[in-house]
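Please consult the sequence and the structure shown here before reading on.

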Amino acid sequence: MPGIINKLKSFARSPQGQRAIRRQASDPRRRAQARSLLGKLRGGRTGGRRY
């Protein structure tokens, strides 16, 4: 699993990843989905149900 996280981090830091993030962040619905996903990954209560 750490390999996937590292690949995502490197993509997010790349110029292509930055463009994709900016494009997705401009949509309020996508922003809410990202906030929910981050909450789930962090284990917080803001992400909805906990598994």
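The following paragraphs treat the overall fold, then the surface, then the largest pocket.

The model is predicted. The protein contains three helices and zero strands, and its elements follow the pattern α-α-α along the sequence. Of its 51 residues, 10% count as buried.

A nonpolar patch on the surface is formed by Ile4, Ile5 and Leu8. Together, these three residues have about 280 Å² of accessible area. Ile4 has its place in helix H1, which spans residues 2–13.

Which residues lie closest to the centre of the largest pocket? The pocket has a volume of about 750 Å³. It is lined by 19 residues, of which Ala12, Ile21, Ala34, Leu37 and Leu38 are the closest to its centre. The elements that each give two or more residues to this lining are H1, helix H2 (15–25) and helix H3 (28–42). H3 provides the largest share of the lining, namely eight residues.

| Class | Residues in the lining of the largest pocket |
|---|---|
| Nonpolar | 12 residues |
| Polar | three residues |

In summary, the protein has three helices, and H1, H2 and H3 each give two or more residues to the lining of the largest pocket.

Methods
Residues numbered from 1 in each chain as written. Predicted model: local features only at pLDDT ≥ 70, side-chain atom pairs only at ≥ 80, totals over all residues. Heavy atoms only, no water. Helix = DSSP H or I, 4+ residues; strand = E, 2+ residues; numbered from the N terminus. Buried < 20%, exposed > 50% of the residue type's maximum accessible area, 1.4 Å probe, protein only. Patch = residues over 30% accessible without salt bridge, like charges linked within 9 Å, V, L, I, M, F, W, Y side chains within 5 Å. Areas by Shrake-Rupley, 256 points an atom, 1.4 Å probe, with all protein chains shown as cover. Salt bridge = Lys/Arg side-chain N within 4 Å of Asp/Glu carboxyl O. 1 Å grid on protein atoms, 1.4 Å probe; cavity = no way out; pocket = protein on both sides within 12 Å on 5 of 7 lines; lining within 4 Å. Points joined across faces, edges and corners; volume = space filled by probe spheres on them. Nonpolar A, V, L, I, M, F, W, Y, C, P; charged D, E, K, R; others polar.
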